[in-house]
Amino acid sequence: MSRESTEPFIPFALPDIGEAEIEAVAQAMRSGWLTTGPAAAAFEKEFGDYLGGGVTAIAVNSATSGLHLALDACGVGPGDEVIVPDWTFTATAEVVRYLGAEPVIVDVDPGTLCLDYAAAERAVTERTKAVMPVHLAGLPVDREATGNFARRHGLRVVEDAAHSFPTYSRGALIGSAAALAGPGGAAVFSFYATKTMTTGEGGMVVVADEAMARRIRTMRLHGISRDVFDRYRSTAPSWFYEVVEAGYKYNLTDPAAAMGRVQLRRQDEMFAARRSLAERYREAFADLPVDLPAEPTEPDSTHAWHLFILRLRAGAPVSRDDFIARMAQAGVGCSVHFIPLHRQPYWRDRYGLRPEEFPIAEREFGRVVSLPIFSSMTAAQAERVVEAVREILA
Ligand SMILES: *Cc1c(COP(=O)(O)O)cnc(C)c1O
């Protein structure tokens, strides 16, 4: 018998913000630097250091902005094509359109739900300029497979790393110098409120190439050759600047960066909390009619556990939609990641996409559900999730 829960609702996601973050934001506000200043500069430096150095980290106001800037720095423009997996958030594909280029949406691997390089292979044309692997849920797309594919076709790689901080692929952190795909590669992280670390809204573009870094910094702030902090610090007259491009307004504020610096310091602790939740779920659901999330099969690779995506098997007693409704009755918020792009009206209509072109995504979409997994979740909350799932599916 399912009972209406009388206990407080467990939301699908909650940011993990403590007194240290609140104090850091207050301090930034008291300092007088409300726009991009010393806290943003320190955040960039510390983020690059966390990735092991040898890269330039550029703070932006969202991952979407960062993906746009990274593709721009790769020279993507009108007439170009960019390969994007069907199974992602619309931001991955929309930024290609910002630049007047066309995303070529391809089906995913049935095990990982990440880009299927065999399908990508068939999508390459003379116009293909770049590929955007998405490390879905925090499961890394194998950097060797990505590198081989990109080299074979002479493509640039912009990794959508919105879910994958911190994630290792073959012993290298996603975004580190060793993991970036060649000198022209980029990885973009999200600090949106529900992501593994947050600044409310924010993101980080990471590149190894200095010319790309310069282009991204310039385009991040109106196409101006020096940012405000630079003008403040430098010995050249602070009133002087030059507009060298029609750029964007994508800079990260100092109060947001101050929050990010604290979140960055807490990353290992926050990751450990998510990993132990994932372990608890895996053990608790092993005998249920579900497929558990894929784990990396390559050596020295890890999962960031940003999302915990269960897949209901044909033998499950309820449909996915009913499962989510029953979980809500039991006081647990669930979600679906993602509604494949080919099902979204804009992408479907613009490119005439048909479901039969995406057999894997089409089949898997009907049976995926994301359970709550956030670092501030208590053991008691995790047990309530386990109990609710088992009551519905056991
Ligand atoms: C959240 C997300 C983004 C966009 O991140 P923002 O920081 O909100 O712009 C991009 N791609 C994926 C896969 C995401 O989940």
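Start at the pair α11 and α14, whose crossing is right-handed. Helices here are DSSP runs of H or I with at least four residues, strands are runs of E with at least two, and both are numbered from the N terminus.

Before moving on, note that this is a predicted model, where local features need pLDDT of at least 70, side-chain atom pairs count only at pLDDT 80 or more, and totals for chains, interfaces and linings use all residues. Residues are numbered from 1 along each chain as its sequence is written, and side-chain values use heavy atoms, with hydrogens and water left out.

**Stop 1: the helix pair**

Select residues 320–329 for α11 and residues 379–393 for α14. Their axes come within 10 Å and cross at roughly 135 degrees. The axes are lines fitted to C-alpha atoms over the stretch in contact, and angles run from 0 to 180 degrees between N-to-C directions. The two helices are therefore oblique to each other. Under 35 degrees would count as roughly parallel, over 145 as roughly antiparallel, and 65 to 115 as roughly perpendicular; the rest is oblique.

Now show the side chains at the contact (heavy atoms within 4.5 Å). From α11, pick Phe 323, Arg 326 and Met 327. From α14, pick Val 385, Ala 388, Val 389, Glu 391, Ile 392 and Leu 393. By class, that contact holds seven nonpolar, no polar and two charged residues. Nonpolar here covers Ala, Val, Leu, Ile, Met, Phe, Trp, Tyr, Cys and Pro; charged covers Asp, Glu, Lys and Arg; the others, Gly among them, are polar.

**Stop 2: helix α3**

Go to residues 63–73, which form α3. How many of its eleven residues are buried? Ten are, and the helix is mostly covered. Buried means under 20% relative accessible area, exposed means over 50%, and partly exposed lies in between (1.4 Å probe, protein chains only). The buried residues include Leu 67, His 68, Leu 69 and Asp 72.

Look at the start of the helix. A side-chain oxygen of Ser 62 reaches to within 3.3 Å of the backbone nitrogen of Thr 64. This is a polar contact: a pair of N or O atoms within 3.5 Å, where within protein one must be able to donate a hydrogen and the other to accept it, and residues adjacent in sequence count only if both atoms are side-chain atoms. Then step past the other end. Just after α3, Gly 75 takes a positive phi of about 80 degrees.

**Stop 3: the loop between β10 and β11**

Select His 303, in the loop between β10 (290–291) and β11 (308–312). His 303 is buried, at 5% relative accessible area. Its side chain reaches the backbone nitrogen of Trp 305 at 2.9 Å. Beyond its neighbours within four places in sequence, His 303 is in contact with Ala 137, Gly 138, Leu 139, Phe 271, Ala 294 and Pro 296.

Trp 305 lies in this loop between β10 and β11 too. Its phi is near 55 degrees, a positive value in a residue other than glycine. Trp 305 is buried, at 4% relative accessibility.

Asp 300 is another stop in the loop between β10 and β11. Its phi is positive, about 50 degrees, although Asp 300 is not a glycine. Is Asp 300 buried or exposed? At 59% relative accessibility, Asp 300 counts as exposed.

**Stop 4: the loop between β5 and β6**

Select His 163, in the loop between β5 and β6. At 5% relative accessibility, His 163 is buried. A polar atom of its side chain lies 2.8 Å from the backbone nitrogen of Ala 137. Which residue 141 places away in sequence sits 7.4 Å from His 163, C-alpha to C-alpha? That residue is Ala 304. Leaving aside neighbours within four places, the contacts of His 163 include His 135, Lys 195, Ala 304, His 306 and Phe 338.

Move along to Pro 166, in the loop between β5 (156–160) and β6 (168–169). The peptide bond from Phe 165 to Pro 166 is cis, with omega near -5 degrees.

**Stop 5: another cis bond**

Finish at Phe 338, in the loop between α11 and α12 (345–351). A cis peptide bond joins His 337 and Phe 338, with omega about 0 degrees. Phe 338 is also among the contacts of His 163.

Technical notes
A crossing is left-handed if the near helix is turned anticlockwise from the far one by less than a right angle, and right-handed if clockwise.
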